[in-house]
Amino acid sequence: MSNFHAVTGRRLAALIALAIVAAPLSAQSASITATATVFRPITISGARNLDFANVFPGVNKSVAVSAATSGRFDIVAEASQAVSLTFALPTTLASGVNSLAIGSWNGCWNATNSTTGCTTFTPSASASNATVGGATNLYVFVGATVLPTAAQVAGAYTGTVSLTVAYF
Amino acid sequence: MSSLVAVLIALAGTARGAAQATVQGQQGLTFGFNIPGVNRTIAPTDAVNAGRFYVGHRVGGQVRLTFTLPSTLSKSNGTTLKVTYSSTSAAIQTIGAGSTTTTFNPGSSKTYSYTTSPDIYVKIGGTVQPKSNQQSGIYTGTITLTVAVLQ
């Protein structure tokens with residue numbers, strides 16, 4: 001009986017010693033929060049074409065951003081966020097093999113669908129900065145000047161204006 | 001024999017009671033503003049955005065660091081945003097003169113021995129992977145660090 005106790009006691013002591021060595025003496029924990037904010041995807045639509053209407057040979061014609069025939073892009077993006085506006089602009093309009101030169105471009109952006117109080121800029125392949133309105137809207141207006149020559153061939157001239165909008 | 005066991009248990013209890021580490025969550029992990037379809041990685045060395053815990057223990061001591069990490073962050077409506085971790089998404093930075101930083105995989109436990117300073121930061125980064133049609137909004141999750149004192 002005493003031998004049994006001795007063996008059992010040694011085993012218990014060994015087990016306890018092993019437990020002391022292998023098990024953590026104590027453990028504590030703490031937590032933090034991980035946070036990410038995801039922006040809404042940018043949607044952009046060409047809402048109105050830039051229309052020079054009738055143009056006469058030798059007479060330059062401009063369409064202001066405030067004109068009813070200026071081009072307009074409508075954008076929906078994350079409210080109050082900064083975005084870049086990058087244009088791909090034609091240097092001429094085309095009618096078959098004939099071309100009509102474009103002399104200059106002008107632009108204006110606003111959080112409302114109005115050019116009143118809008119921020120002017122020069123559209124180009126270099127990014128211009130704009131800020132989306134608090135209601136997630138941004139309107140970009142585009143005007144330009146065409147330079148018909150005195151010998152400009154009659155016809156309907158067209159070109160494509162592309163706008164890329166990105167968060168930055 | 002029963003008295004021997006009682007003494008050993010008492011010794012074990014005394015030893016455990018004397019070894020405590022201090023753990024504090026000090027700074028959340030912030031992924032900031034994210035664009036749908038564009039992954040964003042925060043390095044554990046990012047002082048502003050990485051999550052940070054303070055873990056204090058005695059010089060000569062040893063601890064085991066174990067993260068409990070979310071695989072997604074969640075919006076209040078239950079929508080989730082995937083988050084992943086790499087083999088270098090966590091780091092231990094000693095505090096004090098000659099501060100050093102060592103990265104490790106937060107997906108596995110990490111044993112750390114205090115050799116020069118009783119104070120370290122344990123930092124955590126990661127990568128969020130918003131889908132191209134990821135719903136906009138604020139996503140959150142909880143990161144827990146458990147510190148087991150080994151010595």
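## Surface and fold of chain B

Chain B exposes about 7,100 Å², and carbon and sulfur atoms supply 52% of that area (Shrake-Rupley method, 1.4 Å probe). The model is predicted: local features need pLDDT of at least 70, side-chain atom pairs count only at pLDDT 80 or more, and totals for chains, interfaces and linings use all residues. Residues are numbered from 1 along each chain, chains are lettered from A, and side-chain values use heavy atoms, without hydrogens and water.

Chain B has one helix and 13 strands (DSSP runs: helices H or I, at least four residues; strands E, at least two). Of the 151 residues in chain B, 40% are buried (under 20% relative accessible area, 1.4 Å probe, protein chains only). Among contacts with a separation of 6 or more, 74% join residues 24 or more positions apart (contact: heavy atoms within 4.5 Å).

## Aromatic pairs

Over all chains there are seven aromatic pairs (ring centres within 6.5 Å; planes under 30 degrees apart are stacked, over 60 edge-to-face, the rest tilted). A:F39 and B:F33 are stacked, because their centres lie 4.9 Å apart and their planes meet at 25 degrees. This pair crosses between chains: A:F39 is in the loop between strand 1 (26–38) and strand 2 (43–48) of chain A, and B:F33 is in strand 2 (residues 29–34) of chain B. A:F39 is buried, at 5% relative accessibility.

B:Y112 and B:Y114 have centres 4.9 Å apart and planes at 80 degrees, so they pair edge-to-face. Both are buried.

## Charge over a ring

The charged end of B:R52 sits over the ring of B:Y121, 5.0 Å from its centre (NZ of Lys or CZ of Arg within 6 Å of the centre and within 35 degrees of the ring normal).

Key. Rings of Phe, Tyr and Trp (its six-membered ring) pair if their centres lie within 6.5 Å; planes under 30 degrees apart count as stacked, over 60 as edge-to-face and the rest as tilted. Buried means under 20% relative accessible area, exposed over 50%, partly exposed in between (1.4 Å probe, protein chains only).
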